[in-house]
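Hi everyone, thanks for making the time today. Let's bring it up.

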Amino acid sequence: MDKLVIEGGAKLKGEVTVSGAKNAVLPILAATLLTDEPCVIKGVPNLRDTNSMLKILRSLGKVAEFDKGKVGVCAGKASSYIASYKLVSTMRASFCVLGPLLGKLKKAKVSLPGGCVIGVRPVDLHLKGIKALGADVSIESGYVVAKANKLHGAYIYLGGVYGSSVLATDNVMMAAVLAHGKTVIESAACEPEVVDLAEFLIKMGAKIKGHGTPVIEIEGVKNLHGAVHSIISDRIEAGTLILASLITAGDVLIKNAQYKHLGALLDKLDEAGAHISRLDGALHVKGNKKLRAINITTLPYPGFPTDMQAQMMSLMSVTGGISVITEKIYPDRFMHVSELNRMGAQIQREGPHAIVEGVKNLSGAPVMASDLRASAGLVLAGLSARGETSISRIYHLERGYEFIEEKLINLGAKVWREKE
Ligand code: UD1
């Protein structure tokens with residue numbers, strides 16, 4: 001296993017290009033199960049998670065080729081309807097093969113993904129949605145087994161205790177595109193990645209309206225065909241790079257970044273006093289200003305993303321004043337708190353709140369990554385800390401950040417990899 005070592009203190013300077021969105025590409029790859037014709041997906045990030053999804057597609061009988069940011073998925077019929085525990089347990093997003101398998105083959109057997117370190121992650125909304133479409137659903141030996149002679153359109157309220165669900169919306173949308181009649185998903189997730197999936201499905205011949213709003217309408221069609229699609233840029237990577245620039249008081253032009261997808265984050269950073277120029281397809285961060293502490297509450301899109309919470313906590317750790325960070329999507333997503341405190345941060349956890357008292361400097365320390373975004377938060381802390389930080393279990397970072405070391409090194413960061 002590798003660890004990432006960072007010598008803190010370098011100001012990031014220069015230009016960096018954001019990769020394609022992990023959370024868009026995974027369901028879009030799953031959606032290729034809905035057709036036997038070839039699909040070409042462009043701008044695919046070379047990530048551990050992308051490779052996991054390609055493995056699952058291959059295990060289901062697809063021919064999936066990955067070539068420098070372009071995936072050609074060619075296929076005859078998906079020959080299997082079973083997604084194994086071995087593959088699904090490596091990545092929760094693989095559960096989104098359920099909808100397309102059911103839609104296309106009218107049967108699916110997909111391993112339950114289980115919980116993860118950021119908390120209990122149920123799939124009740126996914127199951128509620130496909131049951132409403134007419135699937136007969138049972139849980140057998142850790143697998144969801146879903147069957148239907150015919151799927152029919154339905155009115156489905158898909159809101160849960162924590163609001164809308166991204167992957168449940170994706171799954172139900174993908175099952176409904178080949179159902180008979182009209183489906184209405186109310187309390188649908190509005191994330192840009194859901195919109196990107198809907199756009200891809202439309203290119204394949206699906207009839208979808210309202211994506212990007214809480215009410216999505218789908219008119220079922222008989223068949224879908226192949227399509228060519230380019231993945232949107234990764235707003236969470238863009239946000240992470242913005243905060244990396246700010247925490248090092250750097251000066252960075254972030255290309256392939258859509259400010260329209262980053263409204264809540266940029267608004268909060270404006271409030272903190274940051275200087276960020278919104279350009280056409282890019283953002284320019286000048287991190288030379290002293291920031292103020294701000295309060296954050298994570299919410300479904302267009303609210304503040306939970307996937308930016310850990311990184312924001314690192315920034316607030318070295319920002320004068322007290323900020324309160326409230327996690328409303330995953331109330332237990334605070335594994336990074338103790339690691340940041342090991343670096344000298346002053347953070348107290350109280351239920352779903354973290355109270356952060358900004359300190360002048362963090363000091364480098366050995367820390368451990370617990371999940372993807374927590375590791376990004378620790379990288380930011382390491383970039384700003386005095387001395388050396390070594391982050392173990394860095395494979396978490398590889399799940400969602402393409403070429404992150406190279407990108408940071410090109411911006412002047414002192415980062416390298418060592419064997420643990
Ligand atoms: C997606 C993202 C992930 C992000 C999360 C929240 C992908 C591949 N992953 O995950 O990066 O952190 O959205 O923005 O797109 N819930 C239920 N029942 C369900 C499903 C979800 O109660 O059946 C709850 C979850 O536990 C959570 C909330 O709903 O509290 C939102 O989760 P959800 O949007 O489903 O997350 P994912 O789609 O798994």
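So, what covers the buried residues of α5? The cover includes two helices, α4 at 98-105 and α6 at 166-176. It also includes the strands β8 (136-140), β9 (143-147) and β10 (155-157). Before I go on, please keep in mind that this is a predicted model.

Now for the helix itself. α5 runs over residues 124-132, and its buried residues are L125, H126, L127, G129 and I130. If you're wondering about the spacing, an α-helix has 3.6 residues a turn, so residues three or four places apart point the same way. After α5 comes G134, and its phi is positive, near 110 degrees.

Let's zoom out. In total, the protein has 14 helices and 24 strands. How many of the 420 residues count as buried? That would be 57%. Among contacts with a separation of 6 or more, 72% are between residues 24 or more positions apart.

What about the overall shape? The C-alpha trace spans about 65 × 45 × 40 Å along its principal axes. The radius of gyration is 21 Å, which agrees with a compact globule, because a globule of 420 residues would come out near 22 Å.

Last, the surface and the charges. The accessible surface is about 16500 Å², and carbon and sulfur atoms make up 51% of it. On the charge side, there are 50 positive and 40 negative side chains, with the centres of the two sets 3 Å apart.

Notes:
Residues numbered from 1 in each chain as written. Predicted model: local features only at pLDDT ≥ 70, side-chain atom pairs only at ≥ 80, totals over all residues. Heavy atoms only, no water. Buried < 20%, exposed > 50% of the residue type's maximum accessible area, 1.4 Å probe, protein only. Helix = DSSP H or I, 4+ residues; strand = E, 2+ residues; numbered from the N terminus. Contact = heavy atoms within 4.5 Å. Rg over C-alpha atoms; globule rule 2.2 N^0.38 Å. Areas by Shrake-Rupley, 256 points an atom, 1.4 Å probe, with all protein chains shown as cover. Lys, Arg positive; Asp, Glu negative; His and termini not counted. Charge placed at Lys NZ, Arg CZ, Asp CG, Glu CD.
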